[in-house]
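Keep the 3D view open as you read, and take the points in order.

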Amino acid sequence: MRILAVEDEADLVAALRVGLVRAGYAVDWAGDVDSALEKLSVNEYDLVLLDLMLPDGDGFSVCRAIRAVPGGPRILMLTARDRLADRVRGLDEGADDYLVKPFALPELLARIRALLRREDSGTSVVTVGELRLDTARFEAFRGERPLRLTSKEFSVLHYLMTRPGRVVPAEELLEHVWDEHADPFTNTVRVTVGSLRRKVTGEDTPLIETVIRQGYRLMDAP
């Protein structure tokens with residue numbers, strides 16, 4: 001899934017990016033309110049990690065802007081402001097969760113998984129036919145056969161498994177699985193899906209279908 005980190009501490013963002021990318025997420029960065037609002041206006045995010053103290057304002061204004069549009073991303077506030085009044089205000093303004101700095105990366109990842117599960121089945125395990133994917137353990141199986149996937153392949157499979165039977169355009173995968181630095185004119189999506197298809201298929205029936213000029217569809221195993 002694609003995450004926007006709104007944070008003015010570059011060192012913290014660099015460390016976060018390493019951990020989040022390793023966990024399979026695509027991460028964009030905004031260092032102030034104006035940049036955050038601009039990126040939110042042109043990109044579709046699944047989750048926003050939102051600092052409250054920003055150089056040109058506070059995160060509450062970003063939170064209100066997100067909540068003003070129906071169907072917006074989940075919001076996890078990350079801030080050093082640990083007073084009860086700040087936590088209450090953050091949640092009342094529309095945040096889905098609130099984590100005080102300093103924090104441990106494993107806890108942040110667990111909270112992210114919990115927030116994203118609310119839009120899925122409510123569990124870290126997603127199952128479609130013979131396919132089973134565990135986002136908490138970063139494991140994927142077809143039947144009893146483990147699938148050794150890269151982080152991007154894992155993310156693409158997760159996205160397709162949460163939309164079984166639906167044709168997903170390559171542009172939609174690029175929007176949710178890759179960050180803002182991905183070149184939309186390259187064949188990166190086609191190459192990743194092709195590699196994923198081979199690993200998922202093995203000696204079994206193919207499950208990922210290419211729909212010419214439309215996108216990709218995950219089918220149930222017969």
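1. Let us begin with the rings. The structure holds 1 aromatic pair (rings of Phe, Tyr and Trp, the last by its six-membered ring, pair if their centres lie within 6.5 Å). The rings of Phe-138 and Phe-154 have centres 4.1 Å apart and planes at 20 degrees, so the pair is stacked; planes under 30 degrees apart count as stacked, over 60 as edge-to-face and the rest as tilted. The pair links distant parts of the chain, 16 residues apart: Phe-138 sits in the loop between strand 9 (131-134) and strand 10 (139-142), and Phe-154 in helix 6 (residues 151-161). Helices (H or I, at least four residues) and strands (E, at least two) are DSSP runs, numbered from the N terminus.

2. A word on what you are looking at. This is a predicted model, in which local features need pLDDT of at least 70 and side-chain atom pairs count only at pLDDT 80 or more, while totals for chains, interfaces and linings use all residues. Residues are numbered from 1 along each chain as its sequence is written, and side-chain values use heavy atoms, with hydrogens and water left out.

3. Phe-154, at 5% relative accessibility, counts as buried. The cut-offs are under 20% relative accessible area for buried, over 50% for exposed, and partly exposed in between (1.4 Å probe, protein chains only).

4. Although Phe-138 is not a glycine, it has a positive phi of about 55 degrees. The hairpin of strand 9 and strand 10, where Phe-138 is found, has 4 residues between the strands. In the hairpin of strand 8 and strand 9, with 2 residues between the strands, Gly-129 takes a positive phi near 55 degrees.

5. Two strands pair if DSSP finds at least two bridges between them. Strand 8 (residues 125-128) is joined to strand 9 by 4 bridges, and Val-128 has Leu-131 as its bridge partner. Strand 9 and strand 10 also pair over 4 bridges, with Leu-131 opposite Arg-142. Strand 10 and strand 11 pair over 2 bridges, and here the bridge partner of Arg-142 is Arg-145.

6. An open sheet of 5 strands has the order 2-1-3-6-7, with parallel pairing. Strand 2 (26-30) and strand 7 are its edge strands, each pairing on one side only. The twist averages 20 degrees from one strand to the next. Strand 1 (residues 2-6) and strand 3 (residues 47-50) run parallel and are joined by 4 bridges, with Leu-47 as the bridge partner of Ile-3.

7. Some local details are worth checking in your viewer. A cis peptide bond joins Lys-101 and Pro-102, with omega about -10 degrees; Pro-102 is found in the loop between strand 7 (97-100) and helix 5 (105-117). Arg-213, a residue other than glycine, has a positive phi near 65 degrees and lies in the loop between strand 12 (208-211) and strand 13 (215-218). Arg-213 is exposed because its relative accessible area is 84%.

8. Finally, look for arginines over rings. The charged end of Arg-89 sits over the ring of Phe-60, 3.8 Å from its centre, and Arg-163 lies over the face of Tyr-159, at 3.6 Å from the ring centre. A charge sits over a ring if NZ of Lys or CZ of Arg is within 6 Å of the ring centre and within 35 degrees of the ring normal.

Notes. Axes are lines fitted to C-alpha atoms, for helices over the stretch in contact, and angles run from 0 to 180 degrees between N-to-C directions.
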